[in-house]
Amino acid sequence: GVMGSAGLPPHMPGSDPRRPALRRMRTLALSLLLAALGGLSLATAMGGEGAWGWAAAFCEAAAVGALADWFAVTALFRRPLGLPIPHTAIIPAGKARLADNLAEFVRRHFLEPQALLDRLALIDPAARLAQWLADPQRARAWAATARRWMAQGLDLLDEGAVRAALHGFLARAIKDWDAAQTAASVLALLTRDGRHQRLLNSALDMLGEYLARDEIRGQVSQLLAKHARREWPRLTTMTDAVGSTDAIAARLADKIAQALVEELREILTQEDHPVRRAYEARVLAYIDRLAEDPTVHAQANAIKDRLAERPELQDYAQQLWEEIHAALRHDLAREDSSVAQHLERAMLGLGKRLAQDASLRQAINEHVVGAAGRLADGLRDEITEHIARTVKQWDDRRLVDELELTVGKDLQYIRINGTLVGGLIGLALHALILLVGR
């Protein structure tokens with residue numbers, strides 16, 4: 001039933017089905033007592049001779065037994081007839097001692113750390129977990145339940161709050177990001193094992209192919225002729241009179257392209273070429289500057305901070321959340337949800353892994369036993385104190401009423417048995433008296 005504030009059921013006398021049964025047993029025990037007293041009165045009135053003597057002996061002993069057991073049963077819960085008789089109302093008077101003894105009993109027999117750990121080790125939690133996870137029906141049911149919970153949780157989310165939180169997360173991540181150090185790390189990675197030299201080779205190859213094209217040479221020739229006519233108009237007029245400036249420019253462009261291609265080939269074939277050494281020195285110097293120069297750091301962080309404050313970032317966060325929300329909602333609405341299937345496969349996979357990997361089960365069991373030991377040590381005193389404190393706080397009348405409803409019916413059998421057994425003992429004593437008298 002529902003527990004009250006003091007750890008006892010709510011006090012509702014008319015609603016407890018145990019109360020009528022207890023009342024019937026009390027009525028039966030009292031009826032037997034009254035019958036014994038009535039029989040004793042009748043036998044005494046009839047002279048107490050012969051058969052009436054046997055009846056008187058039975059009824060007298062039965063009444064004594066019934067009264068004695070009534071006193072004993074009543075003294076457990078209250079003072080008989082309200083009289084201040086010593087060693088009565090045992091349960092209310094000894095409630096504090098009962099609370100301490102109960103708490104110590106639980107502490108000794110239920111919260112003993114080594115007993116708990118031994119029992120836990122015999123249970124083999126990892127093997128039981130493996131069996132539980134490896135059941136396909138259970139995994140499917142749990143995945144379906146999780147899918148419904150996630151769908152309901154998705155509906156409860158405040159989209160505005162989520163977008164704000166996502167934007168705040170992105171902004172903080174950008175502001176906390178050391179862009180200069182990251183760039184230095186990336187460049188250092190690119191230069192490892194001569195990668196930057198291979199990059200230079202690729203660039204030079206592309207440049208050589210570019211210069212070898214006829215259309216490029218034609219463009220260079222036109223640029224040279226145009227520049228010469230603008231800078232040296234008299235000279236080009238004289239050249240045009242004797243020959244052609246365009247032809248000279250074309251030959252010059254071919255020579256320049258040929259010279260550049262030959263120079264590129266030389267750079268590509270010589271690992272210690274001055275261009276390579278200068279290129280490597282500049283790259284390494286720039287990496288060091290990125291990592292150590294405070295001015296570069298400040299410039300990179302300023303660019304990064306401006307990026308974090310851009311309104312486009314908030315728009316991106318909103319769009320990102322809308323896409324995630326829509327995708328999750330669409331997936332969770334389907335019976336064949338990929339999220340649910342992933343959870344189901346994960347549960348089955350973990351169960352299979354646990355079933356096959358003895359070392360993993362042993363590791364889990366060791367962790368569980370260790371955690372249980374630490375938990376038992378930490379909670380043992382606290383639980384013991386809680387039990388004792390709770391019992392001591394129980395209301396005496398409520399405690400007595402609850403115990404009577406729980407065991408009172410059985411205690412009435414003691415009164416009934418005392419009446420009948422007492423009567424039989426009375427008959428035996430009466431027979432003994434007659435035997436001795438003869």
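Predicted model: local features only at pLDDT ≥ 70, side-chain atom pairs only at ≥ 80, totals over all residues.
Threonine 384 is buried, with a relative accessible area of 12%. This value falls under the 20% limit for buried residues. Threonine 384 belongs to helix H18, which spans residues 358–393.

The chain as a whole is helical in its assigned elements. Its secondary structure comes to 19 helices and zero strands. The protein chain has 438 residues, and buried residues make up 29% of them. Among contacts with a separation of 6 or more, 76% join residues 24 or more positions apart.

One helix pair was examined in detail. Two packed helices are described by the angle between their axes and the distance between the axes. Helix H2 covers residues 51–77, and helix H19 covers residues 396–437. H2 and H19 pack at an angle of about 155°, and their axes lie 6 Å apart. Angles over 145 degrees count as roughly antiparallel. H2 and H19 are therefore roughly antiparallel to each other. The crossing of H2 past H19 is right-handed. By class, the residues in this contact are 20 nonpolar, nine polar and three charged.

Alanine 428 lies in H19. Alanine 428 is partly exposed, with a relative accessible area of 47%. In sequence, alanine 428 and tryptophan 54 are 374 residues apart. In space, the C-alpha to C-alpha separation of alanine 428 and tryptophan 54 is 9.6 Å.

The loop between H2 and helix H3 (90–93) holds leucine 81. Histidine 87 is also placed in the loop between H2 and H3. Leucine 81 has a positive phi of about 60°, although leucine 81 is not a glycine. Histidine 87, likewise not a glycine, has a positive phi of about 60°. Leucine 81 is exposed, with a relative accessible area of 71%. Histidine 87 is exposed too, with a relative accessible area of 74%. Both values are over the 50% limit for exposed residues.

Note on methods. Residues numbered from 1 in each chain as written. Heavy atoms only, no water. Helix = DSSP H or I, 4+ residues; strand = E, 2+ residues; numbered from the N terminus. Buried < 20%, exposed > 50% of the residue type's maximum accessible area, 1.4 Å probe, protein only. Contact = heavy atoms within 4.5 Å. Axes fitted to C-alpha atoms, helices over the stretch in contact; angles between N-to-C directions. Parallel < 35°, antiparallel > 145°, perpendicular 65-115°, else oblique. Left-handed = near helix turned anticlockwise from the far one by under 90°. Nonpolar A, V, L, I, M, F, W, Y, C, P; charged D, E, K, R; others polar.
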